[in-house]
Every structure is written in structure tokens, then in C-alpha cells.
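Subject: A structure for you to explore

Hello,

Here is the structure I promised to pass on to you. Have a look around it first, and then read my notes below.

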Amino acid sequence: MKPSTLAATALAVAVAAGTGSIAGPRRTPAWFARLRKPCYQPPDVAFPVAWTGLYADIATASAVTLDTLRAAEQHDEARRYVTALATNLVLNAGWSWLFFRFHKLGPAAIGAAALTVSSADLARRAAAADPRAGWALSPYPAWCAFATVLSTHIWRLNRSSR
């Protein structure tokens, strides 16, 4: 993998992570603490640990995918991957804003579902270019699917109190 490609994907992922973290739970601790949550809600420490690994994975697998596509002179497919990655990262950062900053639990659940679909598409695109990159990205849509279930359940538990 080319260092310049990894630097570009790492920068894109870092911008998305940073943008999302601006709206994170540390900004609204009292509101988040009052929310009813399902019994399977992971401990707070699980989220930064999981997301750090996932973000590193997204950057690395995306760099491998882009380099593979460009080396095969599949430049149109590389551009489509960049567009899919950018869309995914906007959805990723946007979820935190919907949930934590704007307290829009229903739209956040829908956003999580859109992120899951986008993440699965990203893994599919990566696998088409390099099966190892696709496998490397597979935890991302799985985590997003879990986040969709969790977000939806939190929304349902708190609808009557809103």
C-alpha cells in the first residue's frame, strides 16, 4: 500500500471521527445519562475502543482497495469507491450529531441503518477489488448493524418520555 494513499484515507477518517466526536456524549452527559437504555448496552468504554479499531481498519482497507483498483487501471471504480467512502464517512459523523447534539433519536436510528447499508456496500466494493480488504472491513457493517439495533431500541424506550 502506498503511504500517500494511506495518509489520504487516514486523514478522511480522522476528519469524520473528529467531526462526530464534537457532538459526542461528553457534550451532553446529563441528557445521555437520563436516557433509558437496553440491558445489552455496552459499557461506555467499549465505544471508543471499538471505534478506534474500526477507524484504523477503514483507513487501511480503503487504502489497499484504492491502490489495488488504481494498479489495475480501474480508475472509474476507484473514483466510485472514493465517493462511497466519502458518503459513508458523512453518514458516520452525522449519526453523532443527530443522536447526541440534536437529540433526534428516530432520525439517528434511521441514520444508523443508512450507515449500515453504506458500510456493507463499502465492504462489498473492497472485496471486489481485494478479498482481504473486504474481509478486513467486515466488522464495520456488523458493528453498524448492532448500532442500528441499539439506536432503534433506545429510541423506542424513550419515545414516551419525549
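**What I found**

Let's start with a pair of helices: the axes of helix H4 (residues 75-101) and helix H5 (residues 105-129) come within 9 Å and cross at roughly 155 degrees. Here an axis is a line fitted to C-alpha atoms, for helices over the stretch in contact, and angles run from 0 to 180 degrees between N-to-C directions. Helices (H or I, at least four residues) are DSSP runs, as are strands (E, at least two), numbered from the N terminus. H4 and H5 are therefore roughly antiparallel to each other (the label for angles over 145 degrees). By class, their contact has 15 nonpolar, 5 polar and 4 charged residues. For these classes, Ala, Val, Leu, Ile, Met, Phe, Trp, Tyr, Cys and Pro count as nonpolar, Asp, Glu, Lys and Arg as charged, and the others, Gly among them, as polar.

Before going on, please note that this is a predicted model, where local features need pLDDT of at least 70, side-chain atom pairs count only at pLDDT 80 or more, and totals for chains, interfaces and linings use all residues. Residues are numbered from 1 along each chain as its sequence is written, and side-chain values use heavy atoms, with hydrogens and water left out.

**The core**

Which residues have the most contacts inside the largest nonpolar core? They are Trp-51, Ile-58, Tyr-81, Leu-122, Leu-137 and Tyr-140, in a core of 26 residues. Such a core is a set of buried Ala, Val, Leu, Ile, Met, Phe, Trp, Tyr and Cys residues joined through side-chain atoms within 4.5 Å. Buried means under 20% relative accessible area, exposed over 50%, and partly exposed in between (1.4 Å probe, protein chains only). Among the elements that give two or more residues to this core are helix H1 (3-22) and helix H3 (46-71); H3 provides the largest share, 9 residues.

**Single residues**

Asn-92 lies in helix H4 and is buried, with a relative accessible area of 5%.

Glu-73, in the loop between H3 and H4, is exposed at 63% relative accessibility. Glu-73 is not a glycine, yet has a positive phi of about 60 degrees. In the loop between H4 and H5 you will find His-103, with a positive phi near 55 degrees.

Enjoy exploring!

Methods. Parallel < 35°, antiparallel > 145°, perpendicular 65-115°, else oblique.
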